[in-house]
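Please look over the sequence and the structure before reading on.

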Amino acid sequence: MALLEDLLFQLELGLPQVVLGLVNGAFYALLSLGLAVIFGMLNVINFAHGAQFMMGAFVAWMMLNWLGIGYWGALVLAPLVVGAFGVLLEKTMISRLYKLDHLYGLLLTFGLALIIEGLFRNQFGSSGMPYAPPEILSGPPVDLGFMFLPKYRLWVVVAALVMSLATWLVIEKTRLGAYLRAATENAALVQAFGVNVPRMVTLTYAAGVALAAFAGVLAAPIYSVNPQMGSSLIIVVFAVVVIGGMGSILGSVLTGFGLGLVEGLTKVFYPEASSTVIFVIMAIVLLARPAGLFGRA
């Protein structure tokens with residue numbers, strides 16, 4: 001009885017940490033969603049995703065400091081700018097890998113990530129730069145009863161949920177999504193019906209990159225804007241994608257939020273394992289179900 005009471009007391013004290021874990025889960029979900037879109041539709045493992053996440057934050061910072069464009073404008077424009085960069089990458093490099101082994105895509109995008117990060121580090125240095133949240137989201141925190149949650153963190157969770165749901169609906173419930181899914185199975189047949197498959201593939205890669213940039217803009221007011229901000233997240237996000245199932249849109253979203261909560265709970269009961277719990281779960285899932293929780297063999 002005393003042990004149960006002690007556990008309940010610990011959980012009550014740790015609820016704020018669990019809620020903050022949900023905020024981390026929002027970033028895991030958005031980033032793994034972009035990775036799942038690119039892998040599921042293009043069969044390319046995009047290791048440059050963390051660098052593109054970082055680019056989204058930097059573009060927002062540059063828009064504010066160089067052009068005077070605030071947060072809300074950057075939330076729309078930065079994903080478009082980074083998505084256009086994704087179009088350039090796909091046309092010049094990524095498109096040459098579709099018929100090759102996955103390893104080639106992994107090596108190319110890993111090299112691109114190193115180059116992009118190096119260029120930003122050379123230009124802006126390694127120290128982080130602040131990015132203030134919009135005024136409407138920087139007021140008094142929201143009282144949840146057991147903690148005061150900053151408005152901006154609540155907005156991040158809501159925005160991630162809305163964007164994830166919208167992406168899932170587009171891919172699973174619209175004609176465009178049906179074309180995309182069909183093109184992954186038989187591109188020649190879809191093209192025979194008059195669909196411009198190469199353009200659709202290019203825009204799909206750009207959309208996945210734009211999702212990473214959108215997450216980067218959301219992250220800018222929480223984390224300092226620095227060239228390493230993507231590399232510190234991408235390994236965890238790849239673990240999230242593997243657990244959810246490579247290419248599974250719904251799996252990426254649910255696993256991202258779920259593992260954020262698990263990470264928060266681990267910080268309450270066993271803080272030393274909080275940085276490794278996701279990888280332990282990944283190992284267990286791969287042993288029991290190699291295709292992932294929501295993936296197909």
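Angles under 35 degrees count as roughly parallel, over 145 as roughly antiparallel, 65 to 115 as roughly perpendicular and the rest as oblique. The model described here is predicted. The axes of helix α2 (residues 49-67) and helix α8 (residues 197-219) cross at roughly 55°, and α2 and α8 are therefore oblique to each other.

**Helices α2 and α8**

- The axes of α2 and α8 come within 7 Å.
- The crossing of α2 and α8 is right-handed.
- On the α2 side, the residues that meet α8 are His49, Gln52, Phe53, Gly56, Ala57 and Ala60.
- On the α8 side, they are Tyr205, Gly208, Val209, Ala212, Ala213, Ala215, Gly216, Val217 and Ala219.
- Sorted by class, the contact of α2 with α8 holds 10 nonpolar and 5 polar residues, and no charged ones.

**Helices α2 and α4**

- Helix α2 also packs with helix α4 (residues 102-124), and their axes come within 10 Å and cross at roughly 30°.
- Because angles under 35 degrees count as roughly parallel, α2 is roughly parallel to α4.
- The crossing of α2 and α4 is left-handed.
- From α2, the contact uses Ala51, Met54, Met55, Phe58, Trp61, Met62 and Trp66.
- From α4, the contact uses Ala113, Ile116, Glu117, Phe120 and Phe124.
- The contact of α2 with α4 counts 11 nonpolar residues, no polar residues and 1 charged residue.

**Helices α5 and α10**

- Helix α5 (residues 151-173) and helix α10 (residues 249-269) have axes that come within 10 Å and cross at roughly 165°.
- Because angles over 145 degrees count as roughly antiparallel, α5 and α10 are roughly antiparallel to each other.
- The crossing of α5 and α10 is left-handed.
- Helix α5 brings Val157, Ala160, Leu161, Ser164, Trp168 and Ile171 to the contact, and α10 brings Ile249, Leu250, Val253 and Phe257.
- By class, the contact of α5 with α10 has 9 nonpolar residues, 1 polar residue and no charged residues.

**The second largest pocket**

- The second largest pocket holds about 420 Å³ of space.
- It is lined by 18 residues, and Thr167, Val170, Leu203, Ala207 and Leu211 are the closest to its centre.
- Five helices each supply at least two residues of this lining: α1 (2-42), α3 (71-92), α5, α6 (175-185) and α8.
- Which helix gives the largest share of the lining of this pocket? The answer is α8, with 7 residues.
- The lining of the second largest pocket divides into 16 nonpolar and 2 polar residues, with no charged ones.

**The cavity**

- Rolling a probe the size of a water molecule over the atoms shows where empty space is left.
- How many cavities of 30 Å³ or more does the structure hold? There is 1.
- The largest cavity contains about 40 Å³ of space.
- Its lining is made of Leu35, Phe39, Val44, Ile45, Asn46, Phe238, Val241 and Met246.
- The elements that give two or more residues to the lining of the largest cavity are α1 and α9 (231-244).
- By class, the lining of the largest cavity has 7 nonpolar residues, 1 polar residue and no charged residues.

Technical notes: Residues are numbered from 1 along each chain as its sequence is written. This is a predicted model: local features need pLDDT of at least 70, side-chain atom pairs count only at pLDDT 80 or more; totals for chains, interfaces and linings use all residues. Side-chain values use heavy atoms; hydrogens and water are left out. Axes are lines fitted to C-alpha atoms, for helices over the stretch in contact, and angles run from 0 to 180 degrees between N-to-C directions. Helices (H or I, at least four residues) and strands (E, at least two) are DSSP runs, numbered from the N terminus. A crossing is left-handed if the near helix is turned anticlockwise from the far one by less than a right angle, and right-handed if clockwise. Contact means heavy atoms within 4.5 Å. Ala, Val, Leu, Ile, Met, Phe, Trp, Tyr, Cys and Pro count as nonpolar, Asp, Glu, Lys and Arg as charged, and the others, Gly among them, as polar. On a 1 Å grid over the protein atoms alone, a cavity is a set of points where a 1.4 Å probe fits but cannot get out, and a pocket is an open set with protein on both sides within 12 Å along at least five of seven lines; lining residues have an atom within 4 Å of a point. Grid points are joined across faces, edges and corners, and a volume is the space filled by probe spheres set on the points.
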